[in-house]
Amino acid sequence: MIAAMEDSGTLQALTFLHQAGRVDLQRVLVLRTVSNYDREAPGTTVADSLKEMVSGNYSAYMPSLEAAQLVGDKVVRDIVTHWADRESHIPHAP
């Protein structure tokens, strides 16, 4: 389980910037990974789970960085490679 509170706050701020003419909301891409979960792992108590996070030991930190790099790299490379088209045309899923 994860929460989406960070996305809500970020998108609200970007909405205000869009309304001010500073951001194009059509060009926002949320790349979401999870560094810690909002529930304890099976067989772990809530207290033990919270105790581990206090020391910065997030259960999915490294996998989340790897996922962001793998996906983000593909997106950025596509945008850069096809910039002549991407500059004026925003690709959408089929």
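Author: A term is needed before the totals: a residue counts as buried when its relative accessible area is under 20%, as exposed when that area is over 50%, and as partly exposed in between. The model is a predicted one.

Reader: What share of the residues of the protein counts as buried?
Author: The cut-off for buried is a relative accessible area under 20%. The protein has 94 residues. Of these, the share that counts as buried is 9%.

Reader: How many helices and how many strands does the protein have?
Author: Along the sequence the pattern reads α-α-α-α. The count is therefore 4 helices and 0 strands, where a helix needs at least four residues.

Reader: Of the contacts between residues at least 6 apart in sequence, what percentage joins residues at least 24 apart?
Author: A contact here requires heavy atoms within 4.5 Å. Among contacts in the protein between residues at least 6 apart in sequence, the part that joins residues at least 24 apart is 63%.

Reader: What part of the accessible surface belongs to carbon and sulfur atoms?
Author: The accessible surface of the protein is about 7,700 Å². Carbon and sulfur atoms account for 59%.

Reader: Is Ser64 buried or exposed?
Author: Ser64 sits in helix H3. Residues up to four places away in sequence aside, Ser64 touches Thr33, Val34 and Ser35. Its relative accessible area is 6%, and because the cut-off is 20%, Ser64 is classed as buried.

Reader: How far apart in space are Gln69 and Leu31, C-alpha to C-alpha?
Author: Gln69 also belongs to helix H3, and with a relative accessible area of 48% it is partly exposed. Gln69 and Leu31 are separated by 38 residues in sequence. From C-alpha to C-alpha, the distance between Gln69 and Leu31 is 10.0 Å.

Reader: Which residues is Leu17 in contact with, leaving aside neighbours within four places in sequence?
Author: Leu17 is part of helix H1, which covers residues 5-19. With neighbours within four places in sequence set aside, the contacts of Leu17 are Arg22 and Val23.

Reader: Which side chain does Arg86 join in a polar contact of 3.2 Å?
Author: Arg86 lies in helix H4, residues 83-86. Its relative accessible area is 14%, which is under 20%, so Arg86 is buried. Beyond four places in sequence, Arg86 is in contact with Arg27, Asp78, Ile79 and Pro91. The polar contact of 3.2 Å joins the side chain of Arg86 to that of Asp85.

Reader: What is the volume of the largest pocket, and which residues are closest to its centre?
Author: The volume of the largest pocket is about 390 Å³. Of the 15 residues that line the largest pocket, the closest to its centre are Arg27, Leu29, Ile79, Ile90 and Pro91.

Reader: Which element gives the most residues to the lining of the largest pocket?
Author: By class, that lining has 9 nonpolar, 3 polar and 3 charged residues. The element that gives the most to the lining of the largest pocket, with 3 residues, is H3.

Conventions. Residues numbered from 1 in each chain as written. Predicted model: local features only at pLDDT ≥ 70, side-chain atom pairs only at ≥ 80, totals over all residues. Heavy atoms only, no water. Helix = DSSP H or I, 4+ residues; strand = E, 2+ residues; numbered from the N terminus. Buried < 20%, exposed > 50% of the residue type's maximum accessible area, 1.4 Å probe, protein only. Polar contact = N/O pair within 3.5 Å; in protein donor to acceptor, adjacent residues only side chain to side chain. 1 Å grid on protein atoms, 1.4 Å probe; cavity = no way out; pocket = protein on both sides within 12 Å on 5 of 7 lines; lining within 4 Å. Points joined across faces, edges and corners; volume = space filled by probe spheres on them. Nonpolar A, V, L, I, M, F, W, Y, C, P; charged D, E, K, R; others polar. Areas by Shrake-Rupley, 256 points an atom, 1.4 Å probe, with all protein chains shown as cover.
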